[in-house]
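Let's read a model together, one feature at a time. Have the sequence and the 3D view open as we talk.

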Amino acid sequence: MDNYVLIRADASNKIGTGHIMRCLALADDLKHFQIDSVFICRTLRGDMSDYIKQRGYRVYLRDSQVDLYEAEVESDALFTVKIIKELGSMPKWIIVDHYSLDEIWESQVRPYTQKLLVIDDLANRKHQANILLDQNLAENAALRYKELVPEQCGLLLGPSYLLLRPAFRLERNRLRKRTGTLRRLLVFFGGSDPTNETEKAVDALMKLNLDNLETDVIVGASYEHKAIIQKKCDLLSHTNLHVQVENMANYIATADFALGAGGVAMWERCYLGLPSSVTIVAENQKNSVSLAERLGAVWNLGNHNEINSAHYADMINRAMNSPEELKEISTCSLELMNSDSKSNIGRVAEVLLGN
């Protein structure tokens, strides 16, 4: 196999779907340059391998349900090398997006690729990368990685390097001016939503019973409570459940306010100027959500374990009564994402091809 990149990432009900979704966005961009992408994933509950195949990409599955402790990391690297040998040629890049993999894994696969891209945002372990991509907003971002990557490693830092599907750029180019009036609500807490914020938000809608509010509730195929949420949505007027949507950009663009989590989905909302209340559902989201709040780009609702349906009801009421504040959040979001002609959005693929 020639002219390809190898992507190592996982998804599961526990891990979530964000790593796979952003790697798919990069794979889509690379496809425009006639570069194929091959995925290596573990067989975990909610691993998204079928979805990756539906998107047109080859997937090699490693049968492993255990955590990637040190001995397992070595086995994972050996499996990756085995796949490269089977493919018959060295990939242009290995792209690794995994919190459990570090320089130990990378040192073993490094001889079998031309170059290595690491996608990370924890800044808590060493890497042997040619390029490191961290899409999150962070203070002193470059300093976080100073002792963690080789001196010659290129750094792509900040949400202006967000990996987005082309539909997001299309929606950004035709984005309407937001009025601050809440007529359409978006509820999305990630594909798997392991803390089940979706049900809390739908319970809030049941309490409020607003006839003048259209609501789109979106979950992924790996979300485990679909049947319960469907029954609750059926009891609400103007509330629709959508599973594993392909047009998330359109839902974000047409909404007036959102209830959602931190991470990649928060930056997607900011990129399209959608005001939102953000719930921190993982420890690594805390700093970026807090900073986005200080810059006026989101409302930070706090940690998921301190939030119930009443808090979500309060957020919806606040949004309905704060049109000027919603307009200001939208403006701050767009400015934060540098969503103009100078934006680096969509250029990660070009950076890879130029190195």
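Q: How many residues does helix H13 have, and how does its reach go with the span expected at 1.5 Å a residue?
A: Helices (H or I, at least four residues) and strands (E, at least two) are DSSP runs, numbered from the N terminus. The expected span is 1.5 Å times one less than the number of residues. Helix H13, residues 323-336, has 14 residues and reaches 20 Å from first C-alpha to last, close to the expected 20 Å. Bear in mind that this is a predicted model, where local features need pLDDT of at least 70, side-chain atom pairs count only at pLDDT 80 or more, and totals for chains, interfaces and linings use all residues. Residues are numbered from 1 along each chain as its sequence is written, and side-chain values use heavy atoms, leaving out hydrogens and water.

Q: Which residues of H13 are buried, and what do they pack against?
A: An α-helix has 3.6 residues a turn, so residues three or four places apart point the same way. Buried means under 20% relative accessible area, exposed over 50%, partly exposed in between (1.4 Å probe, protein chains only). In H13 the buried ones are Leu326, Ile329, Ser330, Cys332, Ser333 and Leu336. They pack against strand E11 (257-261), helix H10 (264-271), strand E13 and helix H12 (309-320), with contact meaning heavy atoms within 4.5 Å. After H13 comes Asn338, with a positive phi near 55°.

Q: What is the strand order in the open sheet of six strands?
A: Strands of a sheet pair through backbone hydrogen bonds, either parallel or antiparallel. Here two strands pair if DSSP finds at least two bridges between them. The order is E10-E9-E8-E11-E12-E13, with parallel pairing. Its edge strands, E10 (239-243) and E13 (299-303), each pair on one side only. From one strand to the next, the twist averages 15°; axes are lines fitted to C-alpha atoms, for helices over the stretch in contact, and angles run from 0 to 180 degrees between N-to-C directions. Zoom in on E8 (184-188) and E9 (214-219), and you'll find five bridges between them, with Phe188 opposite Ile218.

Q: Which way do the residues of strand E6 point?
A: In a regular strand the side chains alternate between the two faces of the sheet. In E6 (131-134), Ile131 and Leu133 point one way, Leu132 and Asp134 the other, and all are buried. E6 pairs in parallel with E5 (115-119) over three bridges, and runs parallel to E7 (154-157), joined by four. Ile131 partners Leu117, while Leu133 partners Leu156.

Q: How many cavities of 30 Å³ or more are there?
A: Rolling a probe the size of a water molecule over the atoms shows where empty space is left. On a 1 Å grid over the protein atoms alone, a cavity is a set of points where a 1.4 Å probe fits but cannot get out; lining residues have an atom within 4 Å of a point. Grid points are joined across faces, edges and corners, and a volume is the space filled by probe spheres set on the points. The count is two. The largest cavity has a volume of about 60 Å³, and its lining includes Leu205, Asn209 and Thr239.

Notes
On a 1 Å grid over the protein atoms alone, a cavity is a set of points where a 1.4 Å probe fits but cannot get out, and a pocket is an open set with protein on both sides within 12 Å along at least five of seven lines; lining residues have an atom within 4 Å of a point.
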